[in-house]
Each structure stands twice: as C-alpha cells, then as structure tokens.
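Please open the model in a viewer and keep the selection panel at hand.

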Amino acid sequence: MNDPRSIRMHYLLRAVLLLGFALYIGHLSQQDALHYYVAPKLARWIRLCPVPLSLMAASLSLQALFGKSSALCDCEHQLPRSLLRSSALYGLFLFPLLLGFLLPDRALGSEAAARKGISLTYVLPETGREERFTAVNPYQAEFAELAGKLYKQPVINVYPEIFSETFGAIDLYKKQFEGKEISVSGFLYREQRAGNYTYAISRFLVQCCTADATPFGILLDPQTQISLPADTWIEVRGKLHVAVFEDQEIVMITPQSLTPIPQPSTPYVYTSADSIAAWEQLPVSPVENEAK
C-alpha cells in the first residue's frame, strides 16, 4: 500500500505531464505545424486532444490537493519511492515533450531518408507487364487505367494528391513511358556512392504519422550537374527513361530544367483511396479533354 502523500505527489506529476502535452498540441495547432507529424485525417482529431487532456490534468490536480486520502487510488501498483526512480519514470514522458518544445518543427529530409533507406521503385518487379496498360490482376487495374490517362498528357504533371499512384503507374509500365516528358517537385536527395554523388527528387509518403513515413525518390540522370545543397526543394522537368541502377531496372529522369522552389505548406504525400476519382478533380489538359 502506497503512502497517501506519495500518491498525491504522483497525481500532481501526472497532471503536469498531461497539461504539458495539451499545451504542446495546442502550440502545434496554433503554428500550423501538425502536418509535420501526422496525416491530415488524423490531425483533425489531434487538434481536439488538448480539451480532454486539460480536463484530466485538472481532475488529477483536484484529487491531489483536495481529495480524501481514503479516495486516492494507486491501482494496487507499487509507486517508485526514490527520487531517482521517479525521475527515470517521468523522464520518459518529459524528455520527448521538452524536445518537442525546444527543437524546430520541420519536414523530414535527406538525413531521415538515408536512415530509412530510400526506395527508387514503386511496384514489385514481377507485377510489370509489357503490354500497353493491361492489368493482369485486380491490383493492377487502377494503375492501368491511370497509366492510360497519364500517357495521353503532353507533359505528365505529378500532383501531390496522387504522387505515389502516379509513379506506381509509370513504374508498372515503365517501358511504355520511355521518352515521355514529366514535371515533378520534391526535395533534392543526395547520396554518396563510390566517391560520386547520386541525386533523386524525393517525397515522404505518410500513412498515419511520420513514424511510418516512407521515402520515395526518382533517380536523376547521374550525368546531371547539380550544385544545389541536399534538401533544397526543386521542380524538375525532363524526360523519362528506363535505367539499370544497382542491378535493378528503374525509372530515371533526364532533367531539362531544375528550378529551386519554396517548400510547400504540406511537404508530405499521402495515399489516395481512389486515384482515378482524384484525377478527375485535378486540372485536365486539352489533350485529355479531347480524349473525353
């Protein structure tokens, strides 16, 4: 059985932590920085969290200060009695909270991509098909339809709303897109291999939060001379080509122009439940209108 004074102290410490997290989430919402950490669909619920967290903190504080000793509950768990153990326990929660307040809010970049391992392909090699935009299984059907729409464009603009789906369709039918012109934006990823630098234009694909973020990149022609630093946001316009990189057949862009741009307000990309429906909501070129 824990001493009532010890329980009150732990109640107060927990209240402080809960209030700290409520303030931190409120800070992120006010600074419009939640998108650096969670997907938009989740962010709308995270914004509501300061309210219940503050109420729980207030409840714990009232119980600690004014609650009867007989009503205090330790849930039949032995609380840490020494200062060292208490500091270690609550430090596990306090340390990341302090980092959140002290470190700048920014998007993941080349360093995180290098740690996670950047992917230069979007589909499994065995799922490819040489026939033009023909699906051999239900998984490919949406990619095949999207690939047909992309192919009709004089310039394939890669929209953030269907970023991964666009490159998935191109990668699946890479040989059909040989020589097609493309325009895409992302951050410049740079990696040193065998004494030479390899460049790719990259984005992080986020499912739920940045903990599950996956870095995807499109290789830029190794012959391209690039003097910009890593993590510079750029817009690349060039031609698509099929190349062999590290014994793997991938899609590569030979840039015709490479222009620095401001980082977008939402730097990550997210999966689309229906890329064809999303395509219909995007700007359509005259060629696509004629096809309809």
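How much space lies in the largest cavity? About 60 Å³. The model is predicted: local features need pLDDT of at least 70, side-chain atom pairs count only at pLDDT 80 or more, and totals for chains, interfaces and linings use all residues. Residues are numbered from 1 along each chain as its sequence is written, and side-chain values use heavy atoms, with hydrogens and water left out.

Select Ile118, Leu120, Tyr189, Glu191, Arg193, Thr198, Tyr199, Ala200, Leu219 and Phe245, which line this cavity. On a 1 Å grid over the protein atoms alone, a cavity is a set of points where a 1.4 Å probe fits but cannot get out; lining residues have an atom within 4 Å of a point. Strand 2 (181-193) and strand 3 (196-205) each give two or more residues to the lining; strands are DSSP runs of E, at least two residues, and helices are runs of H or I, at least four.

A pocket is an open set of points with protein on both sides within 12 Å along at least five of seven lines. Helix 5 (residues 110-116) supplies the largest share of the lining, four residues.

Finally, select helix 1 (residues 4-30) and helix 3 (residues 50-66), which pack at an angle of about 160° with axes 8 Å apart. They are therefore roughly antiparallel (an angle over 145 degrees).

Definitions and conventions. Axes fitted to C-alpha atoms, helices over the stretch in contact; angles between N-to-C directions. Parallel < 35°, antiparallel > 145°, perpendicular 65-115°, else oblique. Points joined across faces, edges and corners; volume = space filled by probe spheres on them.
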